[in-house]
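Q: I have a model open and would like to learn how to read its packing. Could you take me through it feature by feature?

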Amino acid sequence: MEILLELNLKQKLATRLGTILLATVIFGGFCWDNALASLTLGAVVALLLRNPTFVYALVMTTSRDLKAFQRFVALNIYLLRKDRGGFTVARCFQEQARRRPKKTCFLMDDRRLSFAEALEFSQKIAGYFNDRGLGKGDCVALLMETRLEYPCIWLGLSQLGVITALINSNLRGESLRHSIKVANAKALIVGSELLDVLRSLREKEHLDEVPIYQYTDDETQKKLQLPSAACPEEARSKLLYVYTSGTTGLPKAAVITNLRFLFMSAGSYYMLRMSSDDVVYDPLPLYHTAGGIVGVGNAILNGSTVVLRKKFSARNFWLDCNRYNCTVAQYIGELCRYLLATTYTPDQQKHNLRLMYGNGLRPQIWSQFVRRFGIPHIGEIYGATEGNSNLINITNRVGAIGFVPVYGSSFYPVQVLRCDEYTGELLKDSKGHCISCQPGQAGLLVGKVDARRAVSAFHGYADKGASEQKLLRNVFTSGDVFFNSGDMVVRDILGYFYFKDRTGDTFRWRGENVATQEVEAIITNCVGLEDCVVYGVQIPHVEGKAGMAAIVDPERKVDMEYLSVVLRGSLPPYARPLFIRLLDEIPRTATFKLKKRELAKEAYDIGQLSDPIYYLNQDGIYRPLSQEQHELLRSGKAGL
């Protein structure tokens, strides 16, 4: 079978190359003299002989790259025009509102705001806070659950040049206090539904010096007045602070400029060929990039209708898409798995979606997800809130997070650097410069920083020190600067990129590197798509870290013998988790990212944990970890 596939590939390549050579000869015969035609033909043949892999990739990706090039050029023309015209996000929205005043802008449950109503409300917000002395460069923290008025509030503040810090509405205690403080907020707007949370924080953390404005639908509408300030026109000015998810400590406030917002939202719009006629389903939190910028931006910049939901519901996802006649829907990877875990009903394919786009759809469930729910097109996007290593998959390539043409590194400088998969430390050549990975080699994804271009600028965090920690300097030449994504990826010969792991998540055991995502995928499929997270734990007197898997199993239904057999048949000995922990729920951030560090700290201490802990015995079967085995592990006498 493999031989037939290889022959078919070679036959297709030969056919395409033959076409190119024939066209070259004909073109040369008609347009050039014989000498030039011969020279051109000779150059093509020489390229074939010297680098057949490159030529193969070039031929196989011609149509893909041409499509991407056209869309990328359109995106850059849009961004250049907005940048040179000094367009802010607020000004772009004003244009959309004047163009389609009666069209529905935001829709949630049975309430809706037209473009004209949304614009009017944002102007009232601007006037209200202008009267209270807020102006350009000031920051206001916004603590509120999803509601129709949420985007209008920060749009109104932006008309004054005020930066809005979008606070995660699930934060409590120290994380909440830190988020407000790090933004240096001059005022705080809080939704009435979260007032008790804020009162508790004020009592403990002494936030009396920050003025607090409570938002309630009726009262606020009466208080607000029309603005007396003009909207500043500066595309590169700060617009928002959006916080990182906090998987590795306290949240950091990433700077989103007006131009950055335009790029993030318009990027998916142009590259995925969306239109103003689309109705976009956005069930994601509005304080984060995916829901609050990429999703909401479809209305603000492009004139689409955006359907909001207060909280994601797997049971209501397809019902909502059908009810509101949505044509596009957003996802993040964990939500796709939640949808797959629901009981199948024929109604799940009663929708008009032509596209679902987002990030984190795992290759292991990609095809199953598309088949079960009848999704014509998946647009997988890769990018961090603050990062510039942005990729997008516009071709439905299963598992790929995006691509860069094989000849495109010069104009889209995303690179993959060789590094130690365990420590994340970059490998250098004899001159002290970093080394690029070849196709098939896993490495660190980085993006070259160029402040002149929206696609490659890095604006960092409100904390300048934290910004510097994300930069790599003198990577290939003296003085160059790259953004460190912290992600390990693999690139194939066609230029497609595939996510492998987070640096720091990979751990070393038995002298081998263990990629956690691979192990998680196998366990997840084995236990029926339940949540699973794999991490390394330290064992006293033993080098490296042993693998441990935490599986959500509140009813304790996982068949350990079956799981033992599957892992033994699917993974090499060093990659099989030594411990399995069953628990009711895995701790996660508000954007559904799993918190591995907390679990790794708790490890396998049966004296402190009430959850069942299983241990991989010498016969290859997982059995409950006994007190005797635990003592042997702690004393270094377990024979590891």
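Q: Let me start with one side chain: does Trp318 count as buried or exposed?

A: Trp318 counts as buried, because its relative accessibility is 4%. Buried means under 20% relative accessible area, exposed means over 50%, and partly exposed is in between, with a 1.4 Å probe and protein chains only. A word on the model: it is predicted, so local features need pLDDT of at least 70 and side-chain atom pairs count only at pLDDT 80 or more, while totals for chains, interfaces and linings use all residues. Residues are numbered from 1 along each chain as its sequence is written, and side-chain values use heavy atoms, with hydrogens and water left out.

Q: Which residue forms an aromatic pair with Trp318, and how do I describe the pair?

A: A pair of aromatic rings is described by the distance of the centres and the angle of the planes. Rings of Phe, Tyr and Trp (its six-membered ring) pair if their centres lie within 6.5 Å; planes under 30 degrees apart are stacked, over 60 edge-to-face, and the rest tilted. Here Trp318 pairs edge-to-face with Phe317, at 4.8 Å centre to centre and 75° between the planes. Phe317 is buried too, with a relative accessible area of 1%. Both belong to a cluster linked by ring pairs, together with Tyr281, Phe312, Tyr338, Phe369 and Phe373.

Q: How many aromatic pairs does the structure hold?

A: There are 20. In one of them, the ring centres of Phe121 and Tyr215 are 6.3 Å apart and the planes are at 80°, so this pair is edge-to-face. Phe121 sits in helix H6 (residues 115-130) and Tyr215 in strand E6 (residues 212-215), so the pair ties together parts 94 residues apart in sequence. Helices (H or I, at least four residues) and strands (E, at least two) are DSSP runs, numbered from the N terminus. Phe121 is buried at 4% relative accessible area, and Tyr215 is buried at 2%.

Q: Which residues have the most contacts inside the largest nonpolar core?

A: In soluble globular proteins, nonpolar side chains tend to be buried together. A nonpolar core is a set of buried Ala, Val, Leu, Ile, Met, Phe, Trp, Tyr and Cys residues joined through side-chain atoms within 4.5 Å. The largest one has 88 residues, and Phe106, Trp154, Phe261 and Ile300 have the most contacts inside it. Domain 2 (91-257) and domain 3 (410-457 + 465-502) each give this core at least three residues; the bounds come from an automatic or database domain assignment. Apart from this core lies another, of 46 residues, including Phe507 and Leu594.

Q: In helix H19, which residues are buried and which are exposed?

A: An α-helix has 3.6 residues a turn, so residues three or four places apart point the same way. In H19 (residues 560-570), Met560, Leu563, Ser564, Val566 and Leu567 are buried. They cover an arc of only 170° around the axis, which puts them on the same side of H19; the arc is that of the directions from the helix axis to the C-beta atoms. Glu561 and Gly569 are exposed on the other side.

Q: What covers the buried residues of H19?

A: The cover includes helix H18 (516-526) and strands E24 (545-552), E25 (579-583), E26 (613-616) and E27 (622-624). Contact here means heavy atoms within 4.5 Å.
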